[in-house]
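This briefing goes through one protein chain for a reader who has the coordinates open. It is grouped by topic.

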Amino acid sequence: MHTVTAHTNRAPAETTGLRGNFRLERISVDVHVNHREAGVFTLGSLAPPSPARPWSPTTGPDPAGSVPGELSIKYVGRSDHDLRSEIAEHIGRYDAFQFEFYPNDVAAFEKECRLYHSFGGPDGKLDNPSHPPRPERFPRMSCPVCGAG
Ligand SMILES: [Zn+2]
């Protein structure tokens, strides 16, 4: 099991603490998001890593493998119990995703909140229509960043 270390998230990809980038396609979701558990994900568009090593959807390596480049994050989400199904609902809307499982809904909610604030959700820089919702089991939890709730 991947170990998650706590740190702040100021930039895409390398610093989100999530796995990826993976193409937002059925095969990739099925292969990588291989548990129905609580977790967090980001969605967005991919920029090539550099002009010297261009990446394109048609010449990329394994369709289920990770792809290089920086994810321009446009959406932050989570699931309290079935991350795979939640990510799959967004297929077709974005190029790629990152994700990580968390041991429970509370940990996933806190991570989602940190990503939401780090990537400018409150300033309208994400497609999220609103602040991350609290876990169903803990409707009175407050956001660890802004205290909402
Ligand atoms: Zn908040």
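F99 touches L18, R19, G20, V33, G39, V40, F41, L83 and I87, with residues up to four places away in sequence not counted; a contact here requires that the two C-beta atoms, placed from the backbone, lie within 7 Å. The model is a predicted one, in which local features need pLDDT of at least 70 and side-chain atom pairs count only at pLDDT 80 or more, whereas totals for chains, interfaces and linings use all residues. Residues are numbered from 1 along each chain as its sequence is written.

**Overall architecture**

- The protein chain contains three helices and four strands, where helices (H or I, at least four residues) and strands (E, at least two) are DSSP runs numbered from the N terminus.
- Read from the N terminus on, the elements follow the order β-α-β-β-α-β-α.
- Of the contacts in the protein chain with a separation of 6 or more, 75% are between residues 24 or more positions apart.
- Buried residues make up 36% of the 149 residues in the protein chain; a residue is buried if 20 or more other C-beta atoms lie within 10 Å of its own, exposed if 12 or fewer, and partly exposed in between, with C-beta atoms placed from the backbone.

**The sheet**

- Four strands form an open sheet in the order β1-β4-β2-β3, with antiparallel pairing, and two strands are taken to pair if DSSP finds at least two bridges between them.
- From one strand to the next, the twist averages 25°, with axes being lines fitted to C-alpha atoms (for helices over the stretch in contact) and angles running from 0 to 180 degrees between N-to-C directions.
- Strand β2 (residues 39–47) pairs with β3 in the antiparallel sense over nine bridges, and among the bridge partners in β3 are S79 for G39 and I73 for G44.
- Six bridges join β2 to β4, and these two strands run antiparallel; G39 stands opposite F101 in β4.
- Seven of the nine residues of β2 are buried, so this strand is largely enclosed by the rest of the structure.

**The nonpolar core**

- The largest nonpolar core has 29 residues, and those with the most contacts inside it are V40, F41, L83, I87, A96, F97 and F99; such a core is a set of buried Ala, Val, Leu, Ile, Met, Phe, Trp, Tyr and Cys residues joined through C-beta atoms within 7 Å.
- At least two residues of this core come from each of β2, β3, α2 (83–88), β4 and α3, and α3 gives the most, with five residues.
- In soluble globular proteins, nonpolar side chains tend to be buried together.

- F99 is found in strand β4 and counts as buried because 24 other C-beta atoms lie within 10 Å.
- The C-alpha atoms of F99 and H32 are separated by 9.1 Å, although these residues are 67 residues apart along the chain.
- Y102 is found in the loop between β4 (96–101) and α3 (105–118), and with 21 C-beta neighbours inside 10 Å it counts as buried.
- Leaving aside neighbours within four places in sequence, Y102 is in contact with A38, G39, V40, A107, A108 and K111.
- Between the C-alpha atoms of Y102 and H81, which are 21 residues apart along the chain, the separation is 9.8 Å.
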